[in-house]
Amino acid sequence: MRNLTLKHFKTVQAIIKCGKIVSAAKMLGLSPPALTIQLRQVEEEFQLALFDRTSDGMRPTAAGLAFVETAQVIEEHLGLLEDKMDAIKGVRTGSLRLGVVSTAKYFAPRLMAAFMKDHPDIDMRLAIGNRAQTIDNLRNHDIDIALMGRPAKEVPVRASVFGDHPLVIIAPPDHPLVAARDISKERIAEEHFLIREPGSGTRISLEIFLSDVPGRIDDLGVEMASNETIKQAVMAGLGIAFISAHTIAAETEAGRLVILDVVGMPIRRQWFSVMRTDHAISPAMATFNDFLMRKGAMYLPLFGKLYPDKAG
């Protein structure tokens, strides 16, 4: 592999990203024949085809995927080297790609603003997605750190807790159960639920909570694409929902939503800072993770109470 250069790695990355030789060549500022020569050199080096040439474009083979995974690791280590050199020179700079699950978008901007105030020369970028999208971003090395309610199992990660994550059941203020106390699991299971997509953290927690109610999780409820849609639907009287307490601070304070007093609620989960174990930790990543461990919980939405007042 002595004949391989960084240009070869960038070539394969560009082809995978663009799917076509012409588009990849344009992206790299090369001619298509020049790009084709570089790809051929890599394939001759390994005596393996990195792509299947199809009518729809270039599709990576197993060898191509293995090659580009190494290319991503090399790119990360080069970025780490640059950050380390800046640190040696005393320059407090760097970049950080932060990914958060959609539930965390309610506090992530405040958390980022506080960090960037202390570290104005660190360039931060934010990617918001559902759990599956955030895990894909980790898998593809598109983000450095993820904030999520449950560490991903699909990729090798290291995870650190930075705060509590309460999950509650909400209803509109005119719902008949608003005045009830110590609502049983069996009684709440009779209600019509509005739920997130399969695989979401809150949905999995709800499935676990209702798993011992016979037949209940076979027809869990009506799926909706986002927490915002669910909140609007609950306020409109379309059902109740099991949701992160950190997503409803404004609505509960304004009296548009009410947290029901259900036995066993709130379910207390935790927020995690998640990084790939094979991702080189840059100074910017280490600085941000240290900030999360020391101050992250301060920027989570606060509630004076998570239960209604008890009667009497």
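A salt bridge is counted here when a side-chain nitrogen of Lys or Arg lies within 4 Å of a carboxyl oxygen of Asp or Glu. The structure is a predicted model, in which local features need pLDDT of at least 70 and side-chain atom pairs count only at pLDDT 80 or more, while totals for chains, interfaces and linings use all residues. Residues are numbered from 1 along each chain as its sequence is written, and side-chain values use heavy atoms, leaving out hydrogens and water.

A search of the whole structure gives 16 salt bridges. In one of them, Arg53 pairs with Glu43, with 3.1 Å between the closest N and O atoms. This pair links distant parts of the chain, 10 residues apart: Arg53 sits in strand β1 (residues 51-54) and Glu43 in helix α3 (residues 32-46); helices (H or I, at least four residues) and strands (E, at least two) are DSSP runs numbered from the N terminus. Arg53 is partly exposed at 48% relative accessible area, whereas Glu43 is buried at 13%. Here buried means under 20%, exposed over 50%, and partly exposed in between (1.4 Å probe, protein chains only).

Another salt bridge joins Glu223 and Arg203, whose closest N and O atoms are 2.9 Å apart. Glu223 belongs to strand β8 (residues 222-223) and Arg203 to helix α8, so the pair ties together parts 20 residues apart in sequence. Glu223 is partly exposed, at 44%, and Arg203 is buried, at 13%.

Turning to helix α6 (residues 131-139), its buried residues include Arg131, Thr134, Ile135 and Leu138. They lie on the same side of α6, because they cover an arc of only 100 degrees around the axis, taken from the directions from the helix axis to the C-beta atoms.
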